[in-house]
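Hi everyone, thanks for coming. Please have a look at the sequence and the structure on the screen, and then I'll walk you through a few parts.

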There are 2 protein chains.
Amino acid sequence: MKTIVQDRVSTDRQLRDYETPRLLIDRSKMEQNIARMAARATALGVDLRPHMKTAKCVEVARLAADALAPRITVSTLKEADFFAQAGFRDILYAVGFAPNKAAHAARLLRSGVDLSLILDSIAAAKALAEAATLEAVVFPILIEIDTDGHRAGLKPQDSMIVELARVIDAAPGLSLRGVMTHAGESYHCDSLEAIADMAEIERSGAVTAAQRIRASGIDCHTVSVGSTPTAICARSLEGVTELRAGVHVFHDLVMAGLGVCAVDEIALSVLTTVIGHQADKGWVITDGGWMALAGDRGTASQPSDQGYGVVCTETGEVLRDVIVVSANQEHGIITSRPGTEPLDALSFPIGTRLRVLPNHACATAAQHDRYLVVGGDGTRVEAEWLRSNGW
Amino acid sequence: MKTIVQDRVSTDRQLRDYETPRLLIDRSKMEQNIARMAARATALGVDLRPHMKTAKCVEVARLAADALAPRITVSTLKEADFFAQAGFRDILYAVGFAPNKAAHAARLLRSGVDLSLILDSIAAAKALAEAATLEAVVFPILIEIDTDGHRAGLKPQDSMIVELARVIDAAPGLSLRGVMTHAGESYHCDSLEAIADMAEIERSGAVTAAQRIRASGIDCHTVSVGSTPTAICARSLEGVTELRAGVHVFHDLVMAGLGVCAVDEIALSVLTTVIGHQADKGWVITDGGWMALAGDRGTASQPSDQGYGVVCTETGEVLRDVIVVSANQEHGIITSRPGTEPLDALSFPIGTRLRVLPNHACATAAQHDRYLVVGGDGTRVEAEWLRSNGW
């Protein structure tokens with residue numbers, strides 16, 4: 001599939017032909033990020049199942065997934081529909097399953113999509129087994145394991161895991177495919193060493209759970225783990241079959257703050273325009289507010305608080321000490337990073353275009369319906385790629 | 001217009017027929033909120049120009065705007081297009097104008113929309129005057145006044161106001177309509193008294209600016225002020241011609257925290273479904289994460305931090321001490337408010353539907369493409385109303 005990249009709308013436009021704000025992909029940075037993660041998966045001996053919750057874009061998925069066996073992860077059934085329509089057939093829906101979505105999931109299965117679901121309780125398994133009978137389908141299931149106390153899942157040592165595996169194995173409408181876990185707490189580690197330790201906790205917890213199921217005589221093929229930080233830092237993924245990561249395609253300031261990428265490697269930005277100044281305060285006011293940048297302040301708890309984003313020139317040169325310090329719905333206020341030299345606001349005249357690197361790529365991208373894909377010298381828009389948003 | 005409410009999609013469905021998450025409007029609460037603001041404008045002797053940046057919905061605009069003279073405010077030109085197509089002809093675009101949007105604004109003017117623009121600098125006025133000549137249109141202009149140091153605008157006493165009024169008055173492609181200001185700092189007041197004081201600062205600053213322009217011999221018809229808090233608390237709007245407010249149609253937890261509405265008056269919520277538990281932690285896990293709720297944590301700086309939102313039953317009964325304490329992209333974690341009794345998580349079985357009241361209605365609504373309008377006993381979906389999002 002990788003060779004048939006169909007740009008949804010091919011363009012021969014320049015950035016300056018667009019009104020702002022607009023969401024940009026730096027194509028060469030994205031391709032490098034994708035290649036790096038593919039190399040990681042190869043080195044670790046696991047399949048890559050990129051999480052499309054970040055990009056939600058068919059063209060990105062075709063580049064990020066394995067060319068010969070394109071498997072992906074999604075965060076909503078609408079994403080599953082979107083990628084299924086584009087030809088993807090091996091999809092993991094990685095959010096605990098709600099009964100009201102059973103008819104929708106069954107439609108996808110009947111259309112030929114191998115859609116796996118996750119759950120972590122006997123109540124959910126029973127509800128889904130009942131729905132499977134009604135819908136006359138067999139739902140492939142992964143049991144969610146909680147390896148970091150972060151969110152959902154059963155602890156690797158919980159006796160409920162084997163009990164749940166038995167319920168799934170016994171239900172005619174369910175088929176146990178394996179286990180999955182997500183070490184979201186890796187976003188709060190304070191060193192690459194700590195992330196590597198978290199990756200080992202993620203790996204060993206998932207493998208332990210799978211071994212306990214196998215020891216009870218039940219097949220458990222898949223051991224799925226991942227987050228971008230643990231994927232990049234893991235020392236070994238022995239016993240794991242597949243790796244999930246999503247934000248790696250773009251990276252963002254939270255990832256840079258963790259040290260898993262450099263600020264220069266961030267492939268996503270929001271193009272904004274200067275609309276005014278409060279020169280005495282050193283403020284440059286732009287049309288890029290929290291609606292375009294997203295309200296995520298994920299770097300606020302990191303050593304370097306990046307406000308609502310780091311500012312770059314129109315062509316992408318990073319202005320390291322210029323950040324969006326405050327944002328209203330359609331206004332961004334740009335000034336110098338606290339503790340650095342005051343900004344000469346008027347050196348950014350009205351009409352100047354500036355890019356803003358996002359704190360959290362998943363949140364920022366979701367504020368937009370499409371990407372402008374920028375190549376070459378940073379001024380040419382090579383394509384517009386559509387996103388799927390909502391539910 | 002108010003009498004011709006066309007539901008975009010009339011339905012006879014129940015809430016239980018929808019997958020979650022979904023965005024809900026409680027119709028009767030919304031109608032009460034709208035009636036209250038209309039009564040405020042009448043009592044204060046000003047025209048109401050509701051800000052559609054919150055609802056971005058034609059059906060809401062038809063209810064919120066004056067029936068005989070439907071004037072609205074918008075935050076993007078895409079919103080202006082959306083409402084123009086629905087028949088609205090008197091639109092204020094209340095974000096400082098960027099030169100790259102001139103051709104778009106000119107198209108709207110030529111299509112018969114009375115589109116007013118705002119600016120606060122001679123540089124912007126000159127750029128816009130040049131664009132007006134190219135496009136052969138006359139742009140109606142309001143000068144933005146900064147009455148609270150919050151964002152953009154010229155201070156009421158700034159000599160630049162009269163100078164700018166002269167530049168606009170002299171430019172063949174520009175027509176000075178008046179002045180406008182927005183006291184966004186009212187969101188940070190700590191009492192209704194303080195908001196009323198801020199409303200007076202907003203009023204007197206705008207009126208002063210208008211009087212200074214008039215004293216220089218230039219017409220200045222419009223004096224436009226507003227934010228929901230100042231609109232609700234203002235003691236007098238003498239000298240003001242029109243009032244802008246937007247979030248009042250729904251209200252939200254930030255408004256409730258300020259005291260300008262009660263939690264029971266919030267008309268917007270997100271319907272979610274329980275997908276799991278961590279019973280030992282008192283956690284109920286739902287499919288309503290920050291993607292559905294928005295990442296806005298505006299109540300974090302208020303006396304009562306509401307997390308990512310206050311939880312209600314499926315039909316809307318407020319569970320005052322149950323909040324969304326944490327959120328991932330498609331997961332919400334619900335538990336008791338800190339300092340209150342631990343939550344019996346399993347009393348909310350898998351499949352239970354819960355509504356979540358938003359911190360910030362503008363941000364939450366923008367995560368969705370439509371509203372389900374709920375009436376009667378809180379279970380019937382009377383209509384689906386579409387939103388305009390993006391740029």
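Let's start with what the buried residues of helix 5 of chain A pack against: helix 4 (102-110), strand 6 (114-119), strand 7 (139-145), helix 6 (160-170) and strand 8 (174-181) of chain A, together with strand 11 (268-278) of chain B. A few words on the ground rules: this is a predicted model, where local features need pLDDT of at least 70 and side-chain atom pairs count only at pLDDT 80 or more, while totals for chains, interfaces and linings use all residues. Residues are numbered from 1 along each chain as its sequence is written, and chains are lettered from A and ligands numbered from 1 in the order in which they are written. Helices (H or I, at least four residues) and strands (E, at least two) are DSSP runs, numbered from the N terminus.

So who is buried in helix 5 of chain A? A124(A), A125(A), L128(A), A131(A) and A132(A) are. They cover an arc of only 130° around the axis, which puts them on the same side of helix 5 of chain A; the arc is that of the directions from the helix axis to the C-beta atoms. On the other side of this helix, T133(A) and L134(A) are exposed. Buried means 20 or more other C-beta atoms within 10 Å of a residue's own, exposed means 12 or fewer, and partly exposed is in between, with C-beta atoms placed from the backbone.

Now for the partner chain. In all, 45 residues of chain A are in contact with 45 residues of chain B, contact being C-beta atoms, placed from the backbone, within 7 Å. Helix 5, strand 11 (268-278) and helix 11 (361-365) of chain A each supply at least two residues of the side that touches chain B. As 100% of the interface residues of chain A are also interface residues in chain B, the copies meet through the same surface.

Last stop: strand 16 (residues 353-357) of chain A. Five of its five residues are buried, so this strand is largely enclosed by the rest of the structure. Strand 11 of chain A pairs with strand 16 of chain A in the antiparallel sense over four bridges, where pairing takes at least two bridges found by DSSP. There, V270(A) stands opposite V356(A). Strand 13 (residues 310-313) of chain A also pairs with strand 16 in the antiparallel sense, over four bridges, and T313(A) has L354(A) as its bridge partner.

Terms used: Contact = placed C-beta atoms within 7 Å.
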